[in-house]
Each structure stands twice: as C-alpha cells, then as structure tokens.
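This report describes selected features of one protein structure. Please examine the sequence and the model before reading on.

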Amino acid sequence: MERVEMLAYCLAKPGAWLDRPWEGDEVVKVGSRIFAFLGSGEGRPTVGVKCGPTREVADEWLHRHPDDASVMAYIGRSGWNTLRLDGAIDADELTEAVDASYDMVVAKLPRRERPTA
C-alpha cells in the first residue's frame with residue numbers, strides 16, 4: 001500500500017483531520033486525539049496505530065509480522081505499533097488496523113468531540 005493511499009483512507013474516516021504537530025511529521029486525528037501516525041514520508045512508508053488496549057494484545061502483530069511490525073517509540077507500552085506499508089502485511093489487514101485504532105480512540109473521546117457520522 002502506498003503512503004498516499006493510507007493517508008486518504010485515514011482522512012476518509014468521520015471527523016478525521018490532518019495535523020502536523022512536529023516539523024515534517026503528519027498525523028491524523030479525530031477530535032483532539034491521534035489515531036494514525038504517518039511520519040514525514042521519508043524512508044520506509046509506515047503507519048503507527050493503536051493495535052490493542054494493552055501491550056500484550058498489541059504484541060500479536062509482532063508475532064504475526066516480525067519483519068513488518070514494531071513497537072512504537074515512546075507510546076508503544078500503551079499498545080501502539082508501527083506497521084510497514086510496503087511489506088508483507090496486506091492492504092486489507094492494514095486498513096483493519098487503522099479502523100481498530102480509530103474505533104479505540106473515538107471510544108475514549110469525550111462525547112462532545114466524537115464524530116456524529
């Protein structure tokens with residue numbers, strides 16, 4: 001999957017919007033919270049997503065895709081992983097991971113920040 005395709009998929013989610021909180025890095029948020037990290041676009045294309053409510057649940061990705069999934073720096077302990085877009089993880093699995101990340105983040109938003117659609 002190409003980075004531009006992943007960005008478009010993320011932005012198509014209800015209430016999703018693009019932010020650049022750090023120089024050169026792009027993230028996609030819903031409400032005030034990030035649900036997908038797309039980085040700067042340099043190097044290997046990846047997406048950082050919440051892969052489970054705990055590190056133990058998110059570790060399933062590491063076991064299934066040892067070459068294409070890794071624990072995200074700084075927030076990995078909270079269930080966030082980095083997934084390669086150009087590796088062996090197929091597009092359907094990548095979009096399912098984004099869907100799950102989005103759903104987990106929306107569930108934690110205050111009602112006033114949740115998308116209505």
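## A pair of strands

Val 49 has Asn 81 of strand β6 as its bridge partner. Strands β4 (residues 46-50) and β6 (residues 80-84) run antiparallel and are joined by five bridges; strands count as paired if DSSP finds at least two bridges between them. Four of the five residues of β4 are buried, where buried means under 20% relative accessible area with a 1.4 Å probe, protein chains only. Helices (H or I, at least four residues) and strands (E, at least two) are DSSP runs numbered from the N terminus.

## Basis of the model

The model is predicted: local features need pLDDT of at least 70, side-chain atom pairs count only at pLDDT 80 or more, and totals for chains, interfaces and linings use all residues. Residues are numbered from 1 along each chain as its sequence is written, and side-chain values use heavy atoms, leaving out hydrogens and water.

## A buried aspartate

Asp 68 lies in the loop between α2 (55-64) and β5 (69-71). Asp 68 has a relative accessible area of 8% and is therefore buried. A polar atom of the Asp 68 side chain is 2.8 Å from the backbone nitrogen of Ala 88. Leaving aside residues up to four places away in sequence, Asp 68 touches Thr 82, Leu 83, Arg 84, Gly 87, Ala 88 and Ile 89; contact means heavy atoms within 4.5 Å.

Technical notes:
Buried < 20%, exposed > 50% of the residue type's maximum accessible area, 1.4 Å probe, protein only. Polar contact = N/O pair within 3.5 Å; in protein donor to acceptor, adjacent residues only side chain to side chain.
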